Amino acid sequence: MAAADVFTKLDLELKPDPSRTVIRPFSFAYPEAFDDGRPSRAQAVVDRVRATDPALRTRMRALLTAPMRERHRNADQVFLRRFAEVRDELGAGEFDEDEQFLIGAYFSQEYAFESAALFNPSMVRLPDDALEGQPSEPGAVRFLLSLRGIGEGHISSVTFRTGEWGPGDRLVLDPPSANGVPPQIDRTESDWVRLRCEDSRDVSETVIFPVLPSQRQGVEDLRLVTFTDHDGVQSVIGTYTAFDGRTARQEMLRGIDMRTFEMRPLAGSMTGYKGMALFPRRIDGQFVMLGRQDSENIWLLRSDDLYTWDSGTPIMAPKYPWEYVQLGNCGSPLEIDEGWLVFTHGVGMVRGYCIGACLLDKADPSKVLARTPSPLLFPSAEQRGGYVPNVTYSCGGLLDGRRVLLPYAIGDEYSAFAVGTVDDILAAMVPA
């Protein structure tokens, strides 16, 4: 079978929506040259609020409340929580509720988290006990879809959708909520930061935006996997790239349930790079990842500790013209009878990104058994534009029996979907 015929592209597409916003923290300070020992800029704003006539403060609150409640179900609570977060930075004294509300609003901003792009999707099967409903059709599979949204300042956040696939090529996405809800952040003494999304009525409302210094410029390219440990316990885990504007590193997100997530940095010499993807189970007692540590080859990493990665070796190098510049994974491997099915991305001329695949040995995934000499998905004539031209990319697909659903991004701008079979994908490969 010709590689270009393996996947059937579905009509469904996900486009950025600038109307979807979230209330996130806003901070401000004097430029360093003007930070000359006077009270902080934050304190100056608070002093101005407190000096405002109480009647005017009440009117200010009323004027803000109406539009915010239209766009955000829990705006009042968010502003009051934001005041509590900055309370220790403020002067002494008591604050009435209008003051707390207004100060919280001055230290907040409304952020259109997917106004520029909604791309680099990943998906996993929803756990049976998830709160997001059961399939409406016999033979359908419920799934969780993660997406990278880009808004003002080219800052990346993670947002979610749910839906169901099957029977056949049927694909339905649940309508996203009009509300975007910021998580409540608990910083514990451990390495984990807990994100409580208790205000989210469904997971499409949850927005994971940068909360740590390492993520200042973005939480990028979440690669989800349902990981089954040796004790049989399953958990939804994702690796993502944290970018502070200068350096990138790998961090981990785990979903305790559909309302609570936790994130932490990964340690070790192999983690200061982009694009790591976890295998869905241990192999020979070890955790295993794919990466592209040298920005050229696909690497295999092994570790006895899920959170520390110090050793790895390249297993697959560019070979064909569409991948001469770079190879990398398109998400976590899918386990099939023949081995580990891995979707790959290759970078070729004019920095064009295409999607291919390879097959790794099940017992020893450092062995590449077969690979596609031609790409399976690539920018078509009508899809060569976009925020970043000539890019087709994915962060992970879904396997159901011998069928594959692969979400993919076009032009680093929007997302689409394609379906294929394992047999057709393998038929498009040649021995490595």
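Modeller: Let us begin with burial: a residue is buried if its relative accessible area is under 20%, exposed if over 50%, and partly exposed in between, with a 1.4 Å probe and protein chains only. This is a predicted model, in which local features need pLDDT of at least 70 and side-chain atom pairs count only at pLDDT 80 or more, whereas totals for chains, interfaces and linings use all residues. Residues are numbered from 1 along each chain as its sequence is written, and side-chain values use heavy atoms, with hydrogens and water left out.

Colleague: Is glycine 149 buried or exposed?

Modeller: Glycine 149 has a relative accessible area of 1%, so it is buried. It belongs to strand E5 (residues 141-151); helices (H or I, at least four residues) and strands (E, at least two) are DSSP runs, numbered from the N terminus.

Colleague: Which residues is glycine 149 in contact with, leaving aside its neighbours within four places in sequence?

Modeller: Contact means heavy atoms within 4.5 Å. With those neighbours left aside, glycine 149 touches Phe113, Glu114, Ala117, Leu118, Ile155, Ser156 and Ser157 in this sense.

Colleague: Is serine 27 buried or exposed?

Modeller: Serine 27 is exposed, because its relative accessible area is 59%. Its place is the loop between strand E2 (22-25) and H1. From serine 27 to arginine 41 the C-alpha distance is 9.6 Å, and the two are 14 residues apart in sequence.

Colleague: How is the packing of two helices described?

Modeller: Two packed helices are described by the angle between their axes and the distance between the axes. Axes are lines fitted to C-alpha atoms, for helices over the stretch in contact, and angles run from 0 to 180 degrees between N-to-C directions. Here the axes of helix H1 (residues 41-51) and helix H4 (residues 97-106) cross at roughly 145° and come within 10 Å. On the H1 side the contact is made by Val45, Val46, Val49 and Arg50, and on the H4 side by Glu99, Leu102, Ile103 and Tyr106. By class, these are 6 nonpolar, no polar and 2 charged residues. For such classes, Ala, Val, Leu, Ile, Met, Phe, Trp, Tyr, Cys and Pro count as nonpolar, Asp, Glu, Lys and Arg as charged, and the others, Gly among them, as polar.

Colleague: Why is H4 described as largely enclosed by the rest of the structure?

Modeller: The reason is that 7 of the 10 residues of H4 are buried. They are Asp98, Glu99, Phe101, Leu102, Ile103, Gly104 and Ala105. These buried residues pack against H1, helix H2 (54-71), helix H3 (75-86) and strand E3 (108-111).

Colleague: How do the strands of a sheet pair?

Modeller: Strands of a sheet pair through backbone hydrogen bonds, either parallel or antiparallel. Two strands count as paired if DSSP finds at least two bridges between them. Strand E11 and strand E12 (residues 234-243) pair in the antiparallel sense over 9 bridges, and valine 219 has alanine 242 of E12 as its bridge partner. Their hairpin has 5 residues between the strands, and glycine 232 there takes a positive phi near 90°. Strand E11 (residues 218-228) is largely enclosed by the rest of the structure because 9 of its 11 residues are buried.

Colleague: Which residues have the most contacts inside the largest nonpolar core?

Modeller: In soluble globular proteins, nonpolar side chains tend to be buried together. A nonpolar core is a set of buried Ala, Val, Leu, Ile, Met, Phe, Trp, Tyr and Cys residues joined through side-chain atoms within 4.5 Å. The largest has 28 residues, and Leu144, Phe160, Ile208, Phe261 and Met263 have the most contacts inside it. Another core, of 26 residues, lies apart from it and includes Leu341, Ile355, Leu376 and Val404.

Colleague: Where is there a cis peptide bond?

Modeller: A cis peptide bond joins glycine 166 and proline 167, with omega about -5°. Proline 167 is in the loop between E6 and strand E7 (171-173).
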